[in-house]
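Dear colleague,

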Amino acid sequence: MKKINIIGGGISGLASALYLRSAGYDVSVFDRRQKLGGVANQYTEKGFTFDTGPTWYLMPDVFEKFFSHFGIKPGIDFKLMELDPSYRIYYDGRSRYDIRKNPQKNRIAEIILWTFSTHFEPTIMAWMILGGFTGSVIDSFLGATVQVAYRENTSGKITEKAGRGNFHSRHSLVKGIPFVDNDMVNFMSISFAGILMGGVFFFLYG
Ligand SMILES: Cc1cc2nc3c(=O)[nH]c(=O)nc-3n(C[C@H](O)[C@H](O)[C@H](O)COP(=O)(O)OP(=O)(O)OC[C@H]3O[C@@H](n4cnc5c(N)ncnc54)[C@H](O)[C@@H]3O)c2cc1C
């Protein structure tokens, strides 16, 4: 019988060995490592088992063709279990991403992950809180200083509407700048806080 030596006991070497053996050759496989499988392997550390290479059962037809050559039927002669999630990726131990068997669920997971990793990353969260706080301080300051206030001449009620018509229905200016009503104060506070926080952020990280 003709003798064939194969260097490397990864998937390629082992598959070649099986084909050659079935063709009637005397096959030996040599590997520099103690364990066969090459990159298709596992290692265990602190109670966790890690794949060192292939995780996906890609191109099942290739596996089926290979096994059928030796009369083995995947799913019958050995068990195949579909996992859901198929794959889980952890980012910095904070957020994770699942690859689901249903692509629609993948899309939803993508949106949630993007939202959390982009908007709820702790540094960004801190800036958002600081921005919100700064905005409310500016809002209170503008409200107390430039926000307009009128007194109704007849009832004495305080309002931010200027009022029209004869003297009795008109309003007298108590404080502030006429066009700076509550909406304007809100707009100014948000804009000031946004520009200020954006400026500080880019000064520090830009
Ligand atoms: C991180 C990762 C993820 C992957 N994910 C997937 C997946 O999800 N699905 C999929 O289908 N494929 C995946 N692959 C690809 C698949 O794992 C490889 O294509 C396949 O395992 C390669 O097999 P191989 O036998 O060609 O090579 P290897 O597995 O590299 O085997 C080579 C062997 O040769 C030995 N060797 C090398 N030099 C010598 C020497 N001088 N003397 C003796 N022995 C020697 C090595 O020790 C090793 O055992 C992945 C690969 C990697 C790295």
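This is a predicted model: local features need pLDDT of at least 70, side-chain atom pairs count only at pLDDT 80 or more; totals for chains, interfaces and linings use all residues.

Residues are numbered from 1 along each chain as its sequence is written.

Around the ligand there are 19 residues, of which the closest are Gly8, Gly10, Gly38, Pro54 and Trp56; a residue counts as near if its C-beta atom, placed from the backbone, lies within 6 Å. This shell divides into 8 nonpolar, 8 polar and 3 charged residues, where Asp, Glu, Lys and Arg count as charged, Ala, Val, Leu, Ile, Met, Phe, Trp, Tyr, Cys and Pro as nonpolar, and the others, Gly among them, as polar.

Helix 1 (residues 11–22) gives the most to that shell, with 3 residues; helices (H or I, at least four residues) and strands (E, at least two) are DSSP runs, numbered from the N terminus. Just after helix 1, Gly24 takes a positive phi of about 100°.

Helix 2 (residues 60–69) has 0 buried residues among its 10, buried meaning that 20 or more other C-beta atoms lie within 10 Å of a residue's own, with C-beta atoms placed from the backbone.

Finally, 3 strands form an open antiparallel sheet in the order 8-7-9, with strand 8 (158–159) and strand 9 (171–175) at its edges; strands pair if DSSP finds at least two bridges between them.

Best wishes

How values were computed: A residue is buried if 20 or more other C-beta atoms lie within 10 Å of its own, exposed if 12 or fewer, and partly exposed in between; C-beta atoms are placed from the backbone.
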